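User: Hi! I'm new to this one, could you walk me through it? I'll just ask things as they come up.
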Amino acid sequence: MDNPSKIVEGGVTYSLGRFDGCCVHYDFSKILVYLEAKGKLLFGSHFELFSNDRKILLQLCSYMIRDATTCAKYDIDINKGILLSGPVGCGKTSLMKLLRHLDPQRRFYEMIPCRNVSFGFNHIGYKTIEDYGNSGYYCFDDLGVELPGRFYGKDCNVMGEVLLSRYERHNLSKGSFKTHATTNLNAEELESRYGIRVRSRMKEMFNLIAFQKHTGDKRK
């Protein structure tokens, strides 16, 4: 049987903890070593994990590896998705791209820029909402900054409709149909962008994990 506590990247084997033959006992410090190495492979040698983000990383990693004890400590429901919010440039997108590699035995979510969903609606109409709303395992990137959709003269809040569709599927699946997202907006801005109905559904779909407002732009 393969050892799920070990991942090979670039010819190097990284240990994430200890495998007892039944389950993995993860070690957060070892996870960070692997994630930084994987990040350099994905994004370049300049990539690094910042000590100020340690709490965010612990919460996200605990969710990804389904650590029920740590998730309970931070009021994270593993049957919901993740809504990762924070200022522009704080690293939301990179972290969500990176963390999906943490457990290669689990289903791999696809990163979808919200602007692409809106552009798709402008070209092919409501089929875009059906495609993204009713199936797939996605992390919608930059939620709230996409342009409104317009198809044959009719305007549509495309991502709002996608989220409402995915909420219905989430309820029917009892938590197995998950959605993740990143956003620069706060709760009030999301409600203004999508309306109180969508905002209410988002509370039921997502665990909110947020960077501090003063988090600097890591791209500088």
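User: Let's start with R193. Is R193 buried, exposed or partly exposed, and why?
Analyst: This is a predicted model. In it, R193 has a relative accessible area of 22%, so it counts as partly exposed, since buried means under 20%.

User: Which side chain does R193 meet in a salt bridge?
Analyst: The partner is E146, and the N to O distance is 3.3 Å. This pair links distant parts of the chain, 47 residues apart: R193 sits in helix α8, while E146 is in the loop between β7 and β8 (149-151).

User: And E146, buried or exposed?
Analyst: E146 is buried, because its relative accessibility is 6%.

User: How many salt bridges are there?
Analyst: The count comes to five. One of them joins the side chains of E9 and K38 at 3.1 Å, N to O. That one also links distant parts of the chain, with E9 in strand β1 (residues 6-9) and K38 in helix α1, 29 residues apart. E9 and K38 are both buried.

User: What about R106, what does its side chain meet?
Analyst: R106 meets D103 in a salt bridge of 3.0 Å, N to O. R106 counts as partly exposed because its relative accessibility is 43%. D103, at 13%, is buried.

User: Switching topic: which residues touch the most other members in the largest nonpolar core?
Analyst: Those are L35, L99 and L102, in a core of 35 residues. The elements giving two or more residues to this core are α1 (28-43), α2 (54-64), β5 and α4 (92-99).

User: What does L102 touch, leaving out residues up to four places away in sequence?
Analyst: L102 touches I7, L16, I31, Y34, L35, C61, M64 and I65. There is also a second, separate core of 26 residues, with Y138, C156, L164 and Y167 among them.

User: Now helix α9. Which of its residues are buried?
Analyst: In α9 (residues 196-205), the buried ones are V198, R199, M202 and M205. They cover an arc of only 120° around the axis, so they lie on the same side of α9.

User: Why would residues a few places apart point the same way?
Analyst: An α-helix has 3.6 residues a turn, so residues three or four places apart point the same way.

User: Which residues are exposed on the other side of α9?
Analyst: I196 and K203 are exposed there.

User: Last one: what do the buried residues of α9 pack against?
Analyst: They pack against the strands β5 (81-85), β7 (138-143), β10 (179-183) and β11 (206-210), along with helices α7 (158-173) and α8 (187-194).

Methods. Residues are numbered from 1 along each chain as its sequence is written. This is a predicted model: local features need pLDDT of at least 70, side-chain atom pairs count only at pLDDT 80 or more; totals for chains, interfaces and linings use all residues. Side-chain values use heavy atoms; hydrogens and water are left out. Buried means under 20% relative accessible area, exposed over 50%, partly exposed in between (1.4 Å probe, protein chains only). Helices (H or I, at least four residues) and strands (E, at least two) are DSSP runs, numbered from the N terminus. The arc is that of the directions from the helix axis to the C-beta atoms. Contact means heavy atoms within 4.5 Å. A nonpolar core is a set of buried Ala, Val, Leu, Ile, Met, Phe, Trp, Tyr and Cys residues joined through side-chain atoms within 4.5 Å. A salt bridge is a side-chain nitrogen of Lys or Arg within 4 Å of a carboxyl oxygen of Asp or Glu.
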